[in-house]
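Reader: I would like to learn how to read a few local features in a structure. Could we take them one at a time?

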Amino acid sequence: MKLNRLFLAISLVSSMALAQAQTVLRVSTPAVPDDWHAKMWTVMKDDLAKSAPKQFDVQINLNASLFKQGAEPAAMARGNLELSAISAQDIAKIVPEYSIFTAGYIIRDPAHLNKVHSGPIGAEMAKLVSEKMDITILAPLYLGTRQVNLREVKSVRTPADLKGVKLRMPGSKEWLFLGESLGATPTPLAFGEVYLGLKTGTIDGQDNPLPTVKSAKFYEVTKEIVMTSHLVDGIFISISNKAWNAMNADQKAKVKAAAIKAAKYNDENRIKDESTLVDFFKKEGLMVITPDVPAFRTAVQAAYQKSDISQAWPKGMLERINATK
Ligand code: KDO
């Protein structure tokens with residue numbers, strides 16, 4: 001009997017030690033559970049459970065329940081968060097060079113996005129991010145191609161048709177400039193408040209990729225989608241340098257491989273969704289129109305050329321991105 005108790009105590013202590021030895025990796029994202037870039041964190045967690053059993057405790061927090069949208073990089077730098085998918089716009093607040101990825105009509109499609117970020121340009125820019133933000137980018141992610149989504153049908157053809165439209169954008173200089181360059185009146189609002197804003201009419205519209213319009217249910221409270229395709233949007237699975245530097249080479253390789261696997265899962269599903277969702281929205285009664293995209297492209301590119309935002313772009317970078325095939 002006594003011996004039994006002793007065994008029990010020993011196994012309890014050893015399982016506690018094992019639990020303590022696990023590295024906690026907290027994830028925070030504003031993504032809603034039904035979204036591919038929310039589900040991908042489970043792919044990463046499951047992959048790590050297989051490749052590095054009992055080494056990592058990945059804790060997934062969706063819906064901005066741990067940190068509010070945009071607060072993740074600061075939380076990571078403070079050591080309060082290990083993992084997130086960081087937007088180019090949030091990076092640009094601290095690394096202005098990165099704002100080149102926030103500009104409309106530069107990245108051509110998901111394959112171009114991946115090529116740019118997985119090659120020498122991505123490596124150079126990621127080095128800046130690590131130095132200035134204490135964050136390591138693990139994998140680029142395709143968030144989707146952003147479209148304008150309106151409460152009322154306005155049959156938008158050109159930027160002039162968006163004049164006076166209160167277009168919700170996430171709240172930072174780069175986002176607001178993008179909205180302005182489209183011809184609209186940009187209105188900052190956190191992602192979690194957009195559905196209600198559309199429902200009550202405090203905003204006239206929002207911009208997001210089609211898979212997000214579906215997963216966040218914006219189609220329930222809007223009537224038109226204007227296929228401007230103004231931003232092929234990338235976000236970046238990133239880890240705090242504090243957590244990264246504490247890992248050995250084998251762990252680093254496994255964490256990176258798991259991030260790449262999660263990104264691939266997200267990208268494949270998102271690209272598939274983008275090819276079928278127009279029909280879904282039409283069936284839901286929305287008007288989906290293709291505007292004069294060259295008119296939008298010309299206006300947006302001219303706005304960036306004249307802006308102080310493009311002054312921060314590294315010399316020759318635009319040409320190098322354009323030349324990436
Ligand atoms: C949004 O707020 O519109 C946005 O699409 C911006 C992205 O950078 C990203 O933060 C995303 O929201 C969230 O992950 C929710 O999908």
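Reader: In which loop does Thr 29 lie?

Author: Before the case itself, a word on the basis: this is a predicted model, in which local features need pLDDT of at least 70 and side-chain atom pairs count only at pLDDT 80 or more, while totals for chains, interfaces and linings use all residues. Residues are numbered from 1 along each chain as its sequence is written, and side-chain values use heavy atoms, with hydrogens and water left out. Helices (H or I, at least four residues) and strands (E, at least two) are DSSP runs, numbered from the N terminus. Thr 29 lies in the loop between β1 (23-28) and α2 (36-51).

Reader: Is Thr 29 buried or exposed, and with which residues is Thr 29 in contact?

Author: Buried means under 20% relative accessible area, exposed over 50%, and partly exposed in between, with a 1.4 Å probe and protein chains only. Thr 29 has 2% relative accessibility and therefore counts as buried. Contact means heavy atoms within 4.5 Å; leaving aside neighbours within four places in sequence, Thr 29 is in contact with Trp 41, Asn 61, Leu 62, Asn 63 and Ala 64. The C-alpha atoms of Thr 29 and Ser 65 are separated by 7.9 Å, although these residues are 36 residues apart along the chain.

Reader: What is the phi of Asn 63?

Author: Most residues other than glycine have a negative phi. Phi of Asn 63 is near 55 degrees, a positive value in a residue other than glycine, and the place of Asn 63 is in the loop between β2 (56-61) and α3 (72-78). Because its relative accessibility is 44%, Asn 63 counts as partly exposed. Ser 229, found in strand β8 (residues 224-240), has a phi near 50 degrees, which is also positive in a residue other than glycine.

Reader: Why is strand β7 largely enclosed by the rest of the structure?

Author: Five of the five residues of strand β7 (residues 205-209) are buried, so β7 is largely enclosed by the rest of the structure. Both faces are covered, with Gly 205, Asp 207 and Pro 209 on one side and Gln 206 and Asn 208 on the other.

Reader: Which strands pair with β7, and in what sense?

Author: Two strands pair if DSSP finds at least two bridges between them. Strand β4 (residues 135-150) pairs with β7 in the antiparallel sense over five bridges, and Val 148 stands opposite Asp 207 in β7. Strand β5 (residues 166-169) pairs with β7 in the parallel sense over two bridges, where Leu 167 stands opposite Gly 205.
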